[in-house]
Amino acid sequence: MIPVSATTLDTSDQIASTKDSQHWQKSIAKGFRTPSELLDYLNLKTSELPYQIDPNSPFRMRITRHLASLMEKGNPFDPLLLQLIPRLDETTEQPGYQTDPLMEEDYQVIPGLIHKYQNRVLIIAHQACAIHCRYCFRRHFPYSEARLSESSLDAIEQYIQSHSDIDEVIFSGGDPLSLADEALSNLIQRFDRLPQIQTVRLHTRTPVAAPERITETLLNTLNNLSCQVVMVVHINHPNELHPDLLAKFLRLRDINVTLLNQSVLLRGINDCSKTQIRLCKQLFAHGVLPYYLHSLDPVQGTSHFDVNQQTAGQIWLEMQAGLSGYLLPRLVREIPQRHSKTWIHP
Ligand SMILES: *Cc1c(COP(=O)(O)O)cnc(C)c1O
Ligand code: SF4
């Protein structure tokens with residue numbers, strides 16, 4: 001283990017980390033909650049937009065000021081704006097688009113625990129996210145039924161102990177980094193302690209929305225685990241890569257966290273091999289390896305983001321030609337009942 005900082009146990013540092021935590025929680029709480037606030041900030045007029053906004057979407061708009069600051073003012077097609085602004089298109093019902101296309105509920109063996117693949121389980125660590133991505137595949141997930149409690153955590157632990165094949169625990173959500181540091185540390189440590197667990201993995205988009213979420217306390221927790229630690233971030237476009245975020249990646253690399261990225265291929269946002277290649281190279285320059293490029297799951301309300309499989313394959317081939325082999329993400333799709341994600345390389 002590499003010390004996070006020489007003075008981690010110093011009281012002045014503990015005070016600093018409390019401030020740290022108030023800082024990120026405030027910055028997420030102060031985000032934009034209505035399309036009109038955001039559009040005003042971006043100097044855009046609802047009436048002049050080339051698409052229709054849905055201010056009443058039940059999947060509420062949620063955008064941090066940090067991400068809004070990365071959007072280009074006056075551009076209704078900004079790739080970050082398009083990922084986050086609720087549009088009336090989401091109310092269109094398309095054949096083949098369902099609320100749970102992955103049939104995750106069938107694999108929820110205990111409330112909050114999804115066991116679909118042999119050696120790894122996924123824990124719905126927290127239902128909330130710092131931002132709401134409009135294409136989210138869990139936008140209809142019944143989170144209230146999955147809420148973790150002391151008794152469900154005991155049941156999860158027993159379940160893992162009775163399945164000796166399981167050697168990796170994935171914390172997902174929502175977003176596990178929505179939990180406060182203490183709760184998150186307790187949760188991770190509880191599973192890190194199990195002798196059969198070799199790897200703990202965090203799936204998160206919060207650092208993109210609020211880089212300050214990577215607090216000294218969190219770094220310290222991760223640095224003191226016995227397992228291998230993997231963090232899979234979710235970045236779709238190079239414009240999401242603020243210098244503050246890149247600096248945090250380097251801090252995570254310093255404590256030997258393996259950093260991977262997953263993206264979703266989204267029409268009009270990142271369905272271009274040049275953009276994808278730029279993203280992969282910039283990620284690598286800051287210690288993050290491209291992992292998955294997901295083809296959109298057919299979730300109700302997201303069909304306007306879909307890139308057809310042929311175009312996706314073409315983009316991926318162009319990426320393959322322009323990137324070193326180790327920088328090429330796997331182009332995948334989630335097909336229910338399979339034992340892993342399905343590679344859809346042409
Ligand atoms: C994607 C996913 C995982 C992780 O799969 P990897 O291919 O190891 O990244 C685990 N459980 C569920 C339910 C998943 O959807
Ligand atoms: S951060 Fe992930 S889980 Fe949360 S809304 Fe976005 S895609 Fe969905």
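Okay, let's start with a pair of side chains: H234 and Y135 are joined by a polar contact of 3.0 Å. A polar contact here is a pair of N or O atoms within 3.5 Å; within protein, one has to be able to donate a hydrogen and the other to accept it, and residues adjacent in sequence count only if both atoms are side-chain atoms. What you're looking at is a predicted model, where local features need pLDDT of at least 70 and side-chain atom pairs count only at pLDDT 80 or more, while totals for chains, interfaces and linings use all residues. Residues are numbered from 1 along each chain as its sequence is written, chains are lettered from A and ligands numbered from 1 in the order in which they are written, and side-chain values use heavy atoms, with hydrogens and water left out.

Back to H234. H234 sits in strand β6; helices (H or I, at least four residues) and strands (E, at least two) are DSSP runs, numbered from the N terminus. Is H234 buried or exposed? H234 is buried, at 16% relative accessibility. The cut-offs are under 20% relative accessible area for buried, over 50% for exposed, and partly exposed in between, with a 1.4 Å probe and protein chains only. Beyond four places in sequence, H234 has contacts that include T204, R205, V208 and N261, where contact means heavy atoms within 4.5 Å.

H234 also belongs to the group around ligand 2, along with C129, I131, H132, C133, C136, G174 and R205. To be in that group, a residue needs a heavy atom within 4 Å of the ligand. By class, the ligand 2 shell has four nonpolar, three polar and one charged residues. For the classes, Ala, Val, Leu, Ile, Met, Phe, Trp, Tyr, Cys and Pro are nonpolar, Asp, Glu, Lys and Arg are charged, and the others, Gly among them, are polar.

Next up, ligand 1. Which residues surround ligand 1? They are I114, K116, Y117, R120, L122, I170, R201, Y291, Y292, E334 and K341. That shell divides into six nonpolar, no polar and five charged residues. Strands β2 (113–117), β3 (120–126) and β8 (288–294) each supply at least two of the shell residues, and β2 gives the most, with three.

Now the polar side of ligand 1. A polar side-chain atom of Y292 is 2.5 Å from a ligand oxygen, and one of Y291 is 2.7 Å from a ligand oxygen. For R201, an N or O atom in the side chain is 2.8 Å from an oxygen of ligand 1. The protein covers 93% of the 390 Å² of accessible area that ligand 1 has on its own; those areas come from the Shrake-Rupley method with a 1.4 Å probe, and for residues, only the protein chains shown count as cover.

One shell residue carries a record. An unreviewed UniProt entry puts "modified residue: N6-(pyridoxal phosphate)lysine" at K341. UniProt positions are in the numbering used here, feature names are shortened, and annotations may be inferred rather than shown by experiment. K341 lies in the loop between β9 (330–333) and β10 (342–343). The side chains of K341 and Y117 make a polar contact of 3.3 Å. Leaving aside neighbours within four places, K341 also touches Y292, H294, V332, R333 and E334.

Now for the arginine. R190 is in helix α7 (residues 181–192) and counts as buried because its relative accessibility is 12%. Which side chains make polar contacts with R190? D154 does, at 2.5 Å, and E157 does, at 2.8 Å. Setting aside residues up to four places away, R190 touches E150 and L153 as well as D154 and E157.

Last, two loop residues. T99, between α4 (79–84) and β1 (108–110), is partly exposed at 42%. T99 and V299 are 200 residues apart in sequence, yet 5.6 Å apart C-alpha to C-alpha. K45, in the loop between α2 (35–41) and α3 (65–69), is exposed at 53%. K45 and R120 are 75 residues apart along the chain, with 47 Å between their C-alpha atoms.
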